[in-house]
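I opened my notebook beside the model today and jotted things down as I looked them up. Here are the entries, in the order I wrote them.

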Amino acid sequence: VSLNSTFKKFLTNKIVQIKGRVSPPLPDVYCSWTLFDSNKNIVPLTSISITKDLTLFSSSNSTSSNFALSIKPNSLLPGKTYTFRLTASRVLESESFSTYASIEVSSNGPPTGGKLIVSPSEGYALQTPFYWYAILWVDDDLPLSYSFWYSLTLSSNQTQSPTVGLGLKTQRSYVQSILPPGFPSQYLLYG
């Protein structure tokens, strides 16, 4: 049994695919996928897998049998380590055997430890330049990219609030902007 992955770290918002192979294939081999979290707990695959058949029974006599596992986007947690295991088992009348291959991969997590500073804390619409600084952010994957935006509504739910971006995503950790008129209590700042 062997596993093939082109990555050691993956993005949780993309499909994750692990390719397995049983070689040489033997007739009457039962193959199954198992996923473990970093605490070695089994993660149920039935609700997060795109692959419909998580267990396969091989009775072919070809040179190898391929078994791929695909996981839905946003199904695994960011910043965690997972172990994918493909097990091949064969039960005969007088004996049985089982073997497996596993691969450990990590999901990319968000940067940590930073904060957003906006200066000055007060100003006048269409007059005062505001400076936005994203500082002290740490991540394994460099360089970091930053984007800044604001919302004119009272909702802090960014997916439902209309937002206005302050430029394109960039590696620069600061931006300057002049804000439009509105109700001061309704401005929510994001970075």
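I am working with a predicted model, in which local features need pLDDT of at least 70 and side-chain atom pairs count only at pLDDT 80 or more, while totals for chains, interfaces and linings use all residues. Residues are numbered from 1 along each chain as its sequence is written, and side-chain values use heavy atoms, with hydrogens and water left out.

**Make-up.** I looked up the secondary structure and found 0 helices and 14 strands; both are DSSP runs numbered from the N terminus, helices being H or I with at least four residues and strands E with at least two. I then checked contacts, meaning heavy atoms within 4.5 Å. Among those between residues at least 6 apart in sequence, 63% join residues at least 24 apart.

**Thr 83.** Is Thr 83 buried or exposed? I found it buried, with a relative accessible area of 10%. Thr 83 sits in strand β7, residues 81-91. Setting aside neighbours within four places in sequence, I listed its contacts as Thr 34, Leu 35, Phe 36, Lys 40, Ser 102, Ile 103 and Glu 104. I also noted Ser 106, which is 23 residues from Thr 83 in sequence and 8.7 Å away in space, C-alpha to C-alpha.

**A sheet.** Next I traced an open sheet of 3 strands in the order β9-β10-β13, with antiparallel pairing; two strands pair if DSSP finds at least two bridges between them. β9 (115-119) and β13 (174-178) are at the edges with a single partner strand each, so one side of each has no neighbour in the sheet. For β9 and strand β10 (residues 129-135), I noted 5 bridges in an antiparallel run. Within this pair, Val 118 stands opposite Trp 132 in β10.

**Largest pocket.** Which residues lie nearest its centre? I wrote down Pro 111, Leu 144, Ser 145, Tyr 146 and Ser 147, out of 18 lining residues, a lining residue having an atom within 4 Å of a point. By class, I noted 9 nonpolar, 5 polar and 4 charged residues in the lining.

How values were computed:
Buried means under 20% relative accessible area, exposed over 50%, partly exposed in between (1.4 Å probe, protein chains only). On a 1 Å grid over the protein atoms alone, a cavity is a set of points where a 1.4 Å probe fits but cannot get out, and a pocket is an open set with protein on both sides within 12 Å along at least five of seven lines; lining residues have an atom within 4 Å of a point. Ala, Val, Leu, Ile, Met, Phe, Trp, Tyr, Cys and Pro count as nonpolar, Asp, Glu, Lys and Arg as charged, and the others, Gly among them, as polar.
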